[in-house]
Amino acid sequence: MPRRPPPRTRAAKSTRRGGGHCAPDFPSIGAKALRRYHAERHLHPFCGALAKSTGEPCRRTPAKGRTRCRLHGGATPRGDGPAGWHTPGFPDGLPTGKPCSDALKAWTRRKRRAEIAAMSSEERARLEERRQAIKPGSTAERARRRRNLDARRWLEEITREPGSAPTPERIELAALRAKAVAHLARLDAELAARPDDEPPAGGLFD
């Protein structure tokens, strides 16, 4: 029966790979690295997710290659390609339309026809009135058409409102505006007729 080798002592373990963690300068090296990390920590990006425990943005370091820490989604694996991790892969690429099969569409049509057949005459009349009242299109398109109609009605009401009676101040301003326009037209005519070195005629209120 072969004899077992004697167990290694702590001194023998410490001599493996140059002493390992028992090196005398290891504590100083670790403390220096920690001081350098904490001194430059404000320059590094942080997670920023809302922490439930404090209600403030998370100050943890994001996971490698992520924008969140491992506690706020940074540890969630991501798949390669446009599909992503939560999207199933398709051999011919992602489908372009809605994920609704032809069988489901046919079943929906049959169900709707059965519901209409089970309606009473009054319910069918209300359904026809609703179909004629609602124009085809999506909900967003119908909402946009309603907004445009309201804006058109508002503009028509504004244009149909009678103008207010002219006041003496408005009459005076209109006269000054007409005088200014006539003076600018006269100046333009003079500038077109005179040579470049001739000074212009009198002022506006001469």
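The side chains of Arg131 and Glu128 pair up in a salt bridge, at 3.7 Å from N to O; the term covers a side-chain nitrogen of Lys or Arg within 4 Å of a carboxyl oxygen of Asp or Glu. The model is a predicted one, so local features need pLDDT of at least 70 and side-chain atom pairs count only at pLDDT 80 or more, while totals for chains, interfaces and linings use all residues. Residues are numbered from 1 along each chain as its sequence is written, and side-chain values use heavy atoms, with hydrogens and water left out.

Helices here are DSSP runs of H or I with at least four residues, strands are E runs of at least two, and both are numbered from the N terminus. Arg131 is partly exposed, with a relative accessible area of 47%, and Glu128 is partly exposed too, at 40%. On this scale, buried means under 20% relative accessible area, exposed means over 50%, and partly exposed is what lies in between (1.4 Å probe, protein chains only).

The structure holds 3 salt bridges. Another of them joins Glu115 and Arg112, at 3.2 Å from N to O. Both residues belong to helix H3 (residues 102–117), where they are 3 residues, or about one turn of the helix, apart. Glu115 has a relative accessible area of 36% and is partly exposed; Arg112 also counts as partly exposed, at 36%. Then there is Arg186 with Glu190, whose closest N and O atoms are 3.2 Å apart. This pair lies in helix H6 (residues 168–193), with a spacing of 4 residues, again about one helical turn. Arg186 is partly exposed at 37%, and Glu190 is partly exposed at 26%.

As for the overall layout, the protein chain has 6 helices and 0 strands. Read from the N terminus, the elements go α-α-α-α-α-α. Buried residues account for 6% of the 206 residues in the chain. Ile116, in helix H3, is partly exposed, with a relative accessible area of 22%. Ile116 and Leu127 are 11 residues apart in sequence, and their C-alpha atoms are 9.1 Å apart in space.

Helix H5 (residues 139–160) gives the largest share of the lining of the largest pocket, with 6 residues. About 210 Å³ of space lies in this pocket. On a 1 Å grid over the protein atoms alone, a pocket is an open set of points where a 1.4 Å probe fits, with protein on both sides within 12 Å along at least five of seven lines, and lining residues have an atom within 4 Å of a point. The lining is made up of Ala133, Ile134, Lys135, Arg142, Arg145, Arg146, Asn148, Leu149 and Arg152. By class, that comes to 3 nonpolar, 1 polar and 5 charged residues.

Ile158 also lies in helix H5 and is partly exposed, at 39% relative accessible area. Together with Trp154 and Leu155, Ile158 forms a nonpolar surface patch with about 320 Å² of accessible area. Patch residues have over 30% relative accessible area and no salt bridge, and nonpolar side chains (Val, Leu, Ile, Met, Phe, Trp, Tyr) are joined within 5 Å.

Technical notes. Grid points are joined across faces, edges and corners, and a volume is the space filled by probe spheres set on the points. Ala, Val, Leu, Ile, Met, Phe, Trp, Tyr, Cys and Pro count as nonpolar, Asp, Glu, Lys and Arg as charged, and the others, Gly among them, as polar. Patches are made of residues with over 30% relative accessible area and no salt bridge: like charges are joined within 9 Å, nonpolar side chains (Val, Leu, Ile, Met, Phe, Trp, Tyr) within 5 Å. Accessible areas come from the Shrake-Rupley method with a 1.4 Å probe; for residues, only the protein chains shown count as cover.
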